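Q: I would like to learn how to read salt bridges, sheets and cores in a model. Can we go through them one at a time?

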Amino acid sequence: MAEQTYAQTQLIPASELNPGAAASIRNSVMRSLIELASKELVMPPWKLVVRDIRPLADLDYTYEDWIESVGATAATFETMATGTMGDQRYVGIYGIKIKEDNADVCSQIRFNVGGGLKALWHIQSLSKFDDYTGFCPSGIIITQNTIYTIERYVRMVSVPFFCLLKGIVVEPRGKVIGP
């Protein structure tokens, strides 16, 4: 009988991970993204660049900064970022970091990619012991030209919310960075 595999889309608090596990998760997402981009773009890996996510330019976030005020309605999902991923651009989101004083502002982050729900992270499980940081073993992958929406569940209204999505972008050299 063939071994069954499953996607681990849950958010794991940093304090529950073994030393080196966060780097392992990041590196695994990076390898998968490089392999996928190389195959789809018919381009050798050495012609690709791996870089950090730019909130506004890559995810159509409100600002080129990870902090903004939540809306005027509590007890509802509110869009953080939405759009269609750029051509020749692949994004992998593998974790999250929030500010300590934001722990009660929003309780969940929801990722819809390609018209389907890919993950629902409960960020209330993060604490000061984790530096309010968590990681997702499989990552959330958004491929070129794919629609996506990232939402937060608002608990407190009209207050600043810092929510850094830990992730990477893989794209051809020269698209943004040309080392």
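This is a predicted model: local features need pLDDT of at least 70, side-chain atom pairs count only at pLDDT 80 or more; totals for chains, interfaces and linings use all residues.

Q: Are Arg-152 and Glu-78 buried or exposed?
A: Buried, both Arg-152 and Glu-78.

Q: Which residues do salt bridges with shared partners join into one network?
A: The general idea comes before the case. Side chains of opposite charge can pair when their charged atoms come close. Here the network holds Arg-51, Arg-54, Asp-58, Arg-89 and Glu-171. Arg-51 meets Asp-58 in a salt bridge at 2.7 Å, N to O. Arg-51 also meets Glu-171, again with 2.7 Å from N to O. Arg-51 and Asp-58 are buried. Glu-171 is buried too.

Q: How many salt bridges does a search of the whole structure find?
A: Ten.

Q: Now the sheet. In which order do the four strands of the open sheet lie?
A: Again, the idea first. Strands of a sheet pair through backbone hydrogen bonds, either parallel or antiparallel. In this sheet the order is E4-E9-E6-E7, with antiparallel pairing. E4 and strand E7 (116–122) are the edges: each has a single partner strand, so one side of each is left without a neighbour in the sheet. Ignoring direction, neighbouring strands are turned by 20 degrees against each other on average.

Q: How many bridges join E4 to E9?
A: Eight, and the two strands run antiparallel. As an example, Phe-77 has Tyr-153 in E9 as its bridge partner.

Q: Last, the core. Which residues have the most contacts inside the largest nonpolar core?
A: Leu-59, Ile-93, Ile-96, Trp-121 and Ile-150, in a core of 35 residues. Strands that each supply at least two of its residues include E4, E7 and E9. E10 gives the largest share, five residues.

Q: What is Leu-59 in contact with, leaving aside its neighbours within four places in sequence?
A: Its partners include Trp-66, Met-85, Ile-93, Ile-150 and Leu-165. Arg-54 is also among them. A second, separate core has 14 residues, including Ile-12, Leu-48, Ile-168 and Val-170.

Terms used. Residues are numbered from 1 along each chain as its sequence is written. Side-chain values use heavy atoms; hydrogens and water are left out. A salt bridge is a side-chain nitrogen of Lys or Arg within 4 Å of a carboxyl oxygen of Asp or Glu. Buried means under 20% relative accessible area, exposed over 50%, partly exposed in between (1.4 Å probe, protein chains only). Two strands pair if DSSP finds at least two bridges between them. Axes are lines fitted to C-alpha atoms, for helices over the stretch in contact, and angles run from 0 to 180 degrees between N-to-C directions. A nonpolar core is a set of buried Ala, Val, Leu, Ile, Met, Phe, Trp, Tyr and Cys residues joined through side-chain atoms within 4.5 Å. Contact means heavy atoms within 4.5 Å.
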